[in-house]
Amino acid sequence: MKDGKNKVLWSLVLLVLIGLTIYAIIGSNESFTLQGFITYVKSASVGWIIAAFGCMAGFFVFEALALKVLCSAFGYKKSLRRCITYSASDIYFSAITPSATGGQPASAYFMMKDKIPGAVTTMILLVNLTLYTVSIIVIGVICFTTRPMMMAHFSIVSKVMIVIGVCVQFVLLSLFLLLVYKEKIITRSANFFLNLFMKMHIIKNVEAKQQKLKLVEKQYKECAKAIGSHKKYIFGAFLFNLLQRVSLIMVSVCVFIGIGGTKIYDAFVAQGFVVLGSNSVPIPGAVGAADYLFIDGFGHLVGDSVSIELLSRGISFYCCIIVCGLITLTAYLLKGLKGMRRKKRC
C-alpha cells in the first residue's frame, strides 16, 4: 500500500515538474507561440517524424531483446511480448522515480510472476543495468573522441553536468566490477563503516545489515560466474543495450533531419552529450535537466532550439512513458484477471 502511494506521489511530482519545465522553456522564449509551434510541426517531414516514433519504440524493444537474451542465458526462454512488459515497466517506473530507483523492482515483479526465481531475476537485471551503463560510456567515448570541439558550444553549467555524468557512470561501472571480481574489498570496507557507525550510535542492528551484506556478496559471486560462463549471451545483450541508447538518440536526429537540419552527426553527438549530462540527475525522468542541456546543445545547430526540443522530447520521453505506462498497466490488469480466474476454478 505504501509503495503504491509513493508511486502515485512521484507520478504527481513528475507531472508538476513537466508543467514547470514547459512553462519555463516557453516563458524564456518571447518569440514562442502555440500557433507558431503548430506551424513548425506541420512543416516537418512526415517520414522523418514517423522514423522518430520508430526510434522511440526501439528504446523499449531493444531493452526487451537484451532481457530476452539474458533470460535465455539462465535457462528461461521468454517471448518478446513478455520481455517488452519487463522493459516497459522498467522504463516507466524509472521515469517517474528519482534516480530511476523504481524501474528494476517493477521489472522484477513481472519477471517473478512469470516464474523466474528471485535470485535469477536479480542477476539478470544487475547484468543488464551494467551493460546499460557500459553502452552509455561507449557512446560518450565516441562523442568525446570524434567531436571534442562540440563541448565548447555548451554553457559552463552544461559542461559541469556532462563531466559529472561521465564520472558517475565510471564510478558505477567500477563499483560493479569490484563487487563482481573483488567483492572482499567492498564487503570489508562496508563492514568497517558499519562498525564505525555503530560505535558512533548512527545505526543500530548491525548484525542484520551484515547478513544482508553477505547475501549481496553471494549474489555478486554468482553474477561473476554467470558472466564467465555466458560470454556470448552477455555480448549479445550488450549490443542490444547499445542499440537501445542509439535508438533514443536517433529520435532527436530524425526530428533534426525532418525540420531541415544538415549537420546530422553533430546532432547525434550533441544529443549524446545531453544523455551523458542528464542520465545521472536524481530527478524523475531528468525533467528540466535534459531539456536545458538539449536547448543549450542544439542552440548552434538550429535557429529555433525551443521548438525542436519540445517536439523531440515530446516523442522521446513523453510519448515513450505514455506507451510504456499503458503496456505496464495492461500487463498488470491481465495478470490480475488470470489470478481471479484461477481462484474461481479452485
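The model is predicted, so local features need pLDDT of at least 70 and side-chain atom pairs count only at pLDDT 80 or more, while totals for chains, interfaces and linings use all residues. Residues are numbered from 1 along each chain as its sequence is written, and side-chain values use heavy atoms, with hydrogens and water left out.

Start with the whole chain. The protein chain has 13 helices and 0 strands. Helices (H or I, at least four residues) and strands (E, at least two) are DSSP runs, numbered from the N terminus. Of the 346 residues, 47% count as buried. Buried means under 20% relative accessible area, exposed over 50%, and partly exposed in between (1.4 Å probe, protein chains only). Now take the contacts, meaning heavy atoms within 4.5 Å. Among contacts with a separation of 6 or more, 75% come from residues 24 or more positions apart.

One pair shows such a separation in sequence. Leu17 sits in helix α1 (residues 2–27). Leu17 has a relative accessible area of 23%, so it counts as partly exposed.

Two packed helices are described by the angle between their axes and the distance between the axes. Axes are lines fitted to C-alpha atoms, for helices over the stretch in contact, and angles run from 0 to 180 degrees between N-to-C directions. Angles under 35 degrees count as roughly parallel, over 145 as roughly antiparallel, 65 to 115 as roughly perpendicular and the rest as oblique.

Helix α10 (residues 231–258) meets α11 with axes that come within 9 Å and cross at roughly 130°. The two helices are therefore oblique to each other. On the α10 side the contact includes Arg245, Val246 and Phe256, and on the α11 side it includes Ile264, Phe268 and Val275. The contact residues divide into 10 nonpolar, 3 polar and 1 charged. Here Ala, Val, Leu, Ile, Met, Phe, Trp, Tyr, Cys and Pro count as nonpolar, Asp, Glu, Lys and Arg as charged, and the others, Gly among them, as polar.

Helix α11 also packs on α12, at an angle of about 150° with axes 9 Å apart. That makes the pair roughly antiparallel. Ala267, Gln271 and Val274 are among the α11 residues in this contact, and Leu293 and Phe294 are among those of α12. By class, there are 7 nonpolar, 4 polar and no charged residues.

Finally, the charged pairs. A salt bridge is a side-chain nitrogen of Lys or Arg within 4 Å of a carboxyl oxygen of Asp or Glu. The count is 3.

Arg82 pairs with Asp114, with the closest N and O atoms 2.8 Å apart. Arg82 lies in helix α4 (residues 80–96), and Asp114 in the loop between α5 (103–113) and α6 (118–146). Both Arg82 and Asp114 are buried.

Arg147 pairs with Asp266 at 2.7 Å between the closest N and O atoms. This bridge spans 119 residues, from the loop between α6 and α7 (156–181) to helix α11 (residues 264–278). Arg147 is partly exposed, at 27% relative accessible area, whereas Asp266 counts as buried at 15%.

Asp291 pairs with Arg313 at 3.6 Å. The bridge joins helix α12 (residues 289–298) to helix α13 (residues 305–345). Both Asp291 and Arg313 are buried.
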